[in-house]
Amino acid sequence: MSRMEDNQDPLEQARLDKETEVEIFKAVRSADDDNPVMPVKLKSSDMFCFSCHKGVSCWNECCHGADITLTPMDIVRLSKHLDIKPREFLAEYTVPDKWDRADLPVAKLKMTGADGKGACNFMTEEGCSVYENRPATCRYYPLGLASIKPKGSDQQDDFFFLVKESHCKGHDEDKLQSVTQYHDEQGLADYETGNRGWVDILMKMASWQSIGGPGGKEIPAQTKQMFFLVSTDVDGFRQFVLESKFLDTYEIDPEAVEIIKTDDIALLQLGFDWMKNVMFNDQTISMKQNVLQQATAKARENMGAT
Ligand code: SF4
Ligand code: SF4
């Protein structure tokens, strides 16, 4: 919980009063806006009929002109799959974009064609060529993932809903499964662990949007750039942590430093904890005492204190 929430800041109260529901993902791969989504909250035990296989008449249709925001874990897994660095992956396979509801930069999967409405670069006649490491959005489909935070609550509630697009004939198949079965079969647990901090930040920023940013203040462009680096380039962020003054500034357990040298999920967690501290003043990471004292002295000096 942030300090502002503890003190019932009026701006925070205004945000809470306005807050209703914030949707994080709509796992709708098609760019066709005419297709309605059925935002009916599903329980994990709810059953639905769906199957996607080469025999469906719409095979590969949804892999054209797909609107896919890449999560941090997507980029980690796809770069490894292709045996290239995340920054090479970014340059080759993504387009920079903005997640409007949070006013934060994201990377989207690039589609072929001058208008970006062509096939996905990974689509083949046989199906997805990166299937084992396909993005989370492709895994969730036809489930949409939403995250809501009821008025005045600190607890967010993630839930699924069914996305029924008219072109998708997978819904006519008779394979019956529960939401949990489908979720497990799609191997989503690792993605959700690695992406947790990223989702938290998008959600929190979206909830502040109506008043222009956390506490009514806009996030500086440099902080947004750092958020993008943490979200999209684990190698670049690792280099920053290990080679800048980061470790001289923050209290990071030496064992944790060793772990983040090779563990991308731990590095992402550190990165988003740091971002939560920078963006929202959340106590997710601590500055070293001497740095804190210097910063306090400097702030006093700036305020003209003796
Ligand atoms: S990554 Fe695979 S499943 Fe996702 S849009 Fe591209 S081809 Fe389709
Ligand atoms: S059944 Fe749905 S998910 Fe599968 S290829 Fe067809 S449109 Fe895509």
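I will start with a term: a residue is buried if 20 or more other C-beta atoms lie within 10 Å of its own, exposed if 12 or fewer, and partly exposed in between, with C-beta atoms placed from the backbone. Helices (H or I, at least four residues) and strands (E, at least two) are DSSP runs, numbered from the N terminus.

This is a predicted model, where local features need pLDDT of at least 70, side-chain atom pairs count only at pLDDT 80 or more, and totals for chains, interfaces and linings use all residues. Residues are numbered from 1 along each chain as its sequence is written, while chains are lettered from A and ligands numbered from 1 in the order in which they are written.

Now the overall picture. The protein has 13 helices and 9 strands. Of its 306 residues, 28% count as buried. Two residues are in contact if their C-beta atoms, placed from the backbone, lie within 7 Å. Among contacts with a separation of 6 or more, 75% join residues 24 or more positions apart.

Next, confidence. The pLDDT, which is the predictor's confidence in each residue from 0 to 100, averages 86 for the protein, and 84% of the residues score at least 70. Over residues 1-22 the pLDDT is below 50, and this stretch has 34 contacts in the model beyond near neighbours in sequence. Residues 27-33 also have a pLDDT below 50, with 28 contacts counted in that way.

Which residues of α12 are buried? They are D264, L267, L268, L270, G271, F272, W274, M275, M279 and F280. The cover over these buried residues includes α3 (72-82), α7 (189-208), α8 (221-232), α9 (234-243) and α11 (254-260). The expected span of a helix is 1.5 Å times one less than its number of residues. For the 17 residues of α12 (residues 264-280) that gives 24 Å, and the end C-alpha atoms are 24 Å apart, which agrees. After α12 comes N281, with a positive phi near 65 degrees.

One residue of α7 is D190. D190 counts as exposed because it has 12 C-beta neighbours inside 10 Å. The C-alpha atoms of D190 and I265 are separated by 9.1 Å, although the two residues are 75 apart along the chain.

The other helix is α13. Of its 14 residues, the number buried is 0, so α13 lies largely in the open. Helix α13 (residues 289-302) should span 20 Å, and its end C-alpha atoms are 20 Å apart. Just after α13, G304 has a positive phi of about 80 degrees.

Now a hairpin. Two strands pair if DSSP finds at least two bridges between them. Strands β3 (residues 94-99) and β4 (residues 104-109) run antiparallel and are joined by 6 bridges. D97 has V106 as its bridge partner, and W99 stands opposite L104. Between the strands are 4 residues, and D103 takes a positive phi near 50 degrees.

Last, the ligands. A residue is near a molecule or strand if its C-beta atom, placed from the backbone, lies within 6 Å of it. Around ligand 1 are C63, A66, C120, F122, M123, C128, V130, R134, P135 and C138. For classes, Ala, Val, Leu, Ile, Met, Phe, Trp, Tyr, Cys and Pro count as nonpolar, Asp, Glu, Lys and Arg as charged, and the others, Gly among them, as polar. The ligand 1 shell has 9 nonpolar, no polar and 1 charged. The residues around ligand 2 include C52, C58, C62, H167 and C168, and its shell has 7 nonpolar, 3 polar and 2 charged residues.
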